[in-house]
Amino acid sequence: MATGGGQQARPTRPSSFSRVSSSSFSPASSSSTSTSLPPGVRIGANGAAFVSSGIPDLDRILGGGFLVRSVVMVMEDADAPHHLLLLRNFMSQGIVHGQSVLFAGPTKEPRSFLGTLPSPVVQKEGLKIKHDVSDVQDKEKGLRIAWQYKKYFGELTAVDSHNRDKKQEYSSDFDLRKPLERQLLNSQNIECISTQDAFDLSKLQNHCLTFVSKLSLKDGINSNAGRIAIQSLCAPQCGYFEKDWDMLSFIRSLRATVQSSNAVAVITFPASVLSNSISKRWQHLADTLLSVRAIPDEDKDLAKLLTGYQDMLGFLHVHKVAQFNSQVPVILDASTYSLKLQKRKSLVLERLNQAPVEGSSGVSYATSGSCSSSKGSLLDF
Amino acid sequence: MAELCDLLAEAMGHSLPVGKVVLIGDCVETSGAFVLHLLLKRCLSLDSSFVVFVALSHPFSHYDRILRKMGCNLSAQKKNGNLHFLELLDFSARSKENSVDDGFCKLYNEIRKSVEAARSKDTKASCVYIMIDDISLLEIAADGSENDVLNFLHYCSTLTSETDCSLIILNHEDVYSSEDAPRLLAHLQHLSDIEIRAAPLNTGLAADVHGQLTVINKGLLNDDRRSGRRIWNFQFKVKENSVEFFYPGSQH
């Protein structure tokens with residue numbers, strides 16, 4: 001029983017499943033050109049393979065994207081559906097790259113969710129921006145930019161620092177106002193499953209197993225990456241809602257499935273409906289853990305505290321970042337970001353900037369990254 | 001050994017535990033897996049040791065890569081018979097024919113056979129260690145049946161006293177601290193001789209200090225410890241090839 005798993009009460013795995021010793025995307029020693037990698041997959045540090053989350057800012061924050069063979073969990077906020085923004089971009093990115101996508105949602109017709117997926121933005125002004133930025137960079141050496149305006153320059157340089165071609169291949173900017181083209185949605189490798197009336201999770205588990213086994217049919221080289229997106233796994237309307245341990249068992253087996261295949265799983269769940277201890281168990285099972293929080297509409301304190309408050313949709317907090325074959329924890333400069341819609345169409349994540357404070361109140365302000373605020377417990381700058 | 005002079009080794013009594021139960025606790029914010037990796041490396045570095053590693057959380061390749069960066073070749077140790085690696089990523093104690101109890105029985109028997117085989121070989125292993133990563137996954141494998149997990153752990157701990165082997169367990173403590181009756185945690189704490197707890201810093205995240213470690217060493221019959229000190233608290237920074245331990249403010 002040394003390798004290969006223990007007793008299996010669950011349905012047996014298909015025989016085409018094979019244990020790959022390292023990431024099957026690791027480039028061959030002699031020819032490590034990007035053409036040997038399947039579309040939408042990039043190799044990062046330590047030979048780790050990443051797929052884009054669909055949000056370029058999030059890819060940058062997480063150090064490349066979502067790690068292949070990992071499970072990403074997003075804790076939802078009961079007040080706002082911002083987790084759907086993450087799910088949609090994640091799925092759209094996969095479809096645009098021709099990757100297989102499996103979606104499970106707690107509605108009667110999960111297929112209709114596909115109609116809300118965004119379409120990629122068409123890049124037109126690429127050359128112009130490049131020119132402007134090099135000018136700015138020269139000027140910046142002689143200028144000392146006030147901290148409050150640094151964020152604008154930061155955004156411009158980020159746009160340019162990506163190699164134009166590579167960026168369009170790996171990570172797309174999505175226009176949330178425009179739905180994805182119909183013909184892309186009719187592709188054969190997009191599956192939708194409803195979890196609403198499911199009495200238990202065995203059907204979903206089987207679907208995941210077959211989905212993943214189809215990915216590795218082309219033994220080793222060039223097997224396609226797959227994306228599993230599960231919305232609100234522990235939603236109260238699901239038939240299995242009361243069965244805490246069944247759900248944990250499912251996540252664990254999904255984790256094992258994903259760990260030995262070229263797939264990434266993104267699971268969103270409303271943590272508030274679970275008990276504290278079960279919620280912690282879920283959080284421990286995640287390789288990457290994010291949470292989204294809604295912003296109250298007219299919070300005067302927050303408006304005073306943060307710049308650009310009116311444009312913010314919500315907060316994204318990064319709790320844990322997956323590491324590939326390394327024990328060193330990933331420490332981010334900032335772990336809370338604001339979700340904003342840029343030009344009303346693309347999703348961006350921005351670091352939080354505390355607004356300058358009236359002189360008399362005496363609270364010291366600093367650039368995002370470290371400060372203690374009156375709402376220190378809520379926000380982690 | 002040059003290695004065994006850092007703060008963690010000092011807290012553990014300057015030697016690896018023999019016939020003891022070591023409990024490593026961590027939380028979502030701060031993972032304690034690095035302690036397990038470090039102990040695994042130290043155990044395998046001894047002249048004749050044998051380790052049974054029950055891996056429920058990550059596959060062999062994960063540990064292999066990490067330990068390799070720390071200077072320990074797990075594949076070689078496995079080949080030499082010093083390491084018995086049980087990869088149980090989808091281990092489920094309950095199956096169609098068996099109850100949860102039987103499932104754990106089989107696992108325990110396998111561990112016991114392997115430990116006894118190590119003891120009875122020609123080149124007798126002087127130190128045997130059983131490592132479990134991690135307990136919360138055992139509970140999931142048991143479908144939440146706390147009693148079965150406790151039974152299994154009790155059997156393993158009696159094995160430690162019978163055959164002088166040590167049990168090293170990784171446990172996610174924050175799962176139990178939010179419960180009303182943290183029974184499993186209380187039992188584990190009672191069973192353990194050494195507790196090592198990884199926690200985040202009170203002041204939040206930092207790039208240079210990854211967290212703090214609290215070590216409670218309950219060993220009473222330790223003659224060479226003059227002060228009889230039981231509790232250590234220090235900070236740590238995890239690196240690819242090692243871990244640094246230091247008192248707050250004394251990192252160079």
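1. Axes are lines fitted to C-alpha atoms, for helices over the stretch in contact, and angles run from 0 to 180 degrees between N-to-C directions. Helices (H or I, at least four residues) and strands (E, at least two) are DSSP runs, numbered from the N terminus. With these terms, helix α7 (residues 202-215) of chain A and α8(A) have axes that come within 11 Å and cross at roughly 5°. That makes α7(A) roughly parallel to α8(A), where angles under 35 degrees count as roughly parallel, over 145 as roughly antiparallel, 65 to 115 as roughly perpendicular and the rest as oblique. On the α7(A) side the contact (heavy atoms within 4.5 Å) is made by A:L204, A:Q205, A:C208, A:L209 and A:V212. On the α8(A) side it is made by A:F250, A:S253, A:L254 and A:T257.

2. A word on the source: this is a predicted model, in which local features need pLDDT of at least 70 and side-chain atom pairs count only at pLDDT 80 or more, while totals for chains, interfaces and linings use all residues. Residues are numbered from 1 along each chain as its sequence is written, chains are lettered from A and ligands numbered from 1 in the order in which they are written, and side-chain values use heavy atoms, with hydrogens and water left out.

3. Chain A as a whole. Its secondary structure comes to 10 helices and 14 strands. Of its 381 residues, 51% are buried (under 20% relative accessible area; exposed is over 50%, and partly exposed is in between, with a 1.4 Å probe and protein chains only). Among contacts in chain A with a separation of 6 or more, 75% are between residues 24 or more positions apart.

4. Helix α8(A) again. It has 16 residues and reaches 23 Å from its first C-alpha to its last, close to the 22 Å expected at 1.5 Å a residue. The expected span is 1.5 Å times one less than the number of residues. Because 13 of its 16 residues are buried, α8(A) is largely enclosed by the rest of the structure.

5. From α8(A), the contact uses A:D244, A:W245, A:M247, A:L248, A:I251 and A:R255; from α9(A), it uses A:I278, A:R281, A:W282 and A:L285.

6. A contact between chains. B:S178 is found in the loop between α8 (174-177) and α9 (183-191) of chain B. With a relative accessible area of 31%, B:S178 is partly exposed. Leaving out residues up to four places away in sequence, B:S178 touches A:N276, A:S277 and A:K280.

7. Is A:S53 buried or exposed? At 1% relative accessibility, A:S53 counts as buried. It lies in the loop between β2 (49-51) and α1 (56-61) of chain A. Its side chain is joined to that of A:D59 by a polar contact of 2.8 Å; such a contact is a pair of N or O atoms within 3.5 Å, where within protein one must be able to donate a hydrogen and the other to accept it, and residues adjacent in sequence count only if both atoms are side-chain atoms. Not counting residues up to four places away in sequence, A:S53 touches A:L58, A:D59, A:F66, A:L86, A:N89 and A:F90.

8. Two backbone angles in chain A deserve a check. A:R69 is not a glycine, yet its phi is positive, near 70°. A:R69 sits in the loop between β3 (66-67) and β4 (71-75) and, at 14% relative accessibility, counts as buried. A:S232, also not a glycine, has a positive phi of about 45°. A:S232 lies in the loop between β9 (226-230) and α8 (244-259) and counts as buried at 5% relative accessibility.

9. A peptide bond in chain B. The bond joining B:D133 and B:D134 is cis, with omega about -10°. B:D134 is in the loop between β4 (127-133) and α6 (135-141) of chain B.

10. Helix α2 (residues 33-45) of chain B. Its 13 residues should span 18 Å, and its end C-alpha atoms are 18 Å apart, which agrees. The helix is mostly covered, with 12 of its 13 residues buried. α2(B) and helix α3 (residues 60-69) of chain B pack at an angle of about 70°, with their axes 10 Å apart. That makes α2(B) roughly perpendicular to α3(B). In this pair, B:H37, B:L40 and B:K41 meet B:Y63, B:I66 and B:L67.
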